[in-house]
Structures are given as C-alpha cells and as structure tokens.
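Open the model in a viewer and keep the selection tool at hand.

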Amino acid sequence: VYIEDSNVAAHVMIKMLDEMNLSVDHFRNADDALAAFEQHSYDLIISDILLEGAISGVGLVQRVRNYVSDKRRVPILALSGLDEPTRRIELFKLGVNDYVTKPPIEEEVRARVRNLILSKQLFDQVESQSRQLYNLAMRDQLTGLFNRNSLKEFAPRYFKEADEADTPLSLLVIDLDHFKIINDTHG
C-alpha cells in the first residue's frame, strides 16, 4: 500500500514499483489507506510523512504499530522531503523500518523496497513453519488429538482456572496398547 498526496510524486513512485512487478494500491490520505489495510493483506507500507487529511504519516505509523493483530508487523518505508536526523530518529522509534528522502533515488528505493518485502516474506515463512512445528509437537499425527506434550502445557492453566473459579475439573488419561490396530480397524 502506498500513501502519497502529491500526484507527481505518486506517479513517479508507482511507475517505479510497477517496473518491479509489484502490485500497488495508492491512496492520497491515511484514512483511506488504513481502511484498505484492515481489509487486505499487504507486504509493505510506503507512506509520505506529511499527508493531507485527519491522519498524518506519523499517525498512520502509530496506528499500524498499535494493531493487536499480525498486521502491526508489516514493514513501513517512510518518505519525507525533510532530512532532519531528529525526525528520522523519531520515526524509527515509532516503528518505521526504513526511511527515504524525497526526491527518491530510484536504485535506493528499489533496494530498500526489495529488502523490506523479502524480510517480511521470510519472517512470514518462519512464523508459518513455527506454527506447523508447534502443531506437530502438540498433536498426535494419526488422530489429530492433543498429546502428552499438550497436557504438560495446558493442564496447569486449566487446573488453576478451575481452582480460581472453584469449579470441579476432571482429567481422564487413557493409554491404549496396540492403538494402531484399533484405529486401523475402527477408524
């Protein structure tokens, strides 16, 4: 997603991103961009810091980083015509991942965009593999039921919740010998 209120700057950037074979949703203000951001999945946010409308580029960064979902981790490339070190530091503290001054140098933007998108995609891949490994560790591969590892993780929490609520809790553990034969026969 790309947020820029200058038609000239937007035309140049969109052309550059199109040449990189990237799909670009362009918005002139942060309000519209945030609405689209909530509805769609993006690999990168590129935003001018000074924007027309109720929300500035800084406000956009703050709102994205305050999301409770995984969307808060989408990388943000900030653009600004002002190259002040204090502004850059402030933006990095707010959560931007990278910063480019305007007018942008084409090769610099290409490299930064490529790196940010690649980093996000690699992080998403690692996160997906981590979830898969967790599921493999917590569930029986044959039945899909929770296994002994999950009992070790979940039981203390369930016992604590039952104790705090003064609610009875029962636990049934069954160890079936030759379970594969039973499962193959009866499903």
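Select strand β4 (residues 76-80) and strand β5: 4 bridges join the two, and they run parallel. Strands pair if DSSP finds at least two bridges between them. Between them, the chain passes through helix α4 (residues 85-94), making a right-handed β-α-β crossover; right-handed means that, with the strands pointing away from the viewer, the path from the first strand over the helix to the second runs clockwise. Helices (H or I, at least four residues) and strands (E, at least two) are DSSP runs, numbered from the N terminus.

The model is predicted: local features need pLDDT of at least 70, side-chain atom pairs pLDDT 80 or more, while totals for chains, interfaces and linings use all residues. Residues are numbered from 1 along each chain as its sequence is written, and side-chain values use heavy atoms, without hydrogens and water.

Next, select Asp98, in β5 (residues 98-101). Its bridge partner is Leu77. Is Asp98 buried or exposed? Asp98 has a relative accessible area of 13%, so it counts as buried (under 20%; exposed is over 50%, partly exposed in between; 1.4 Å probe, protein chains only).

Show the side chain of Arg112: a polar contact of 2.5 Å joins it to that of Asp98 (a pair of N or O atoms within 3.5 Å; within protein, one able to donate a hydrogen and the other to accept it, and residues adjacent in sequence count only if both atoms are side-chain atoms). Beyond four places in sequence, residues in contact with Asp98 (heavy atoms within 4.5 Å) include Phe92 and Leu116.

Finally, zoom out: the chain has 7 helices and 5 strands.
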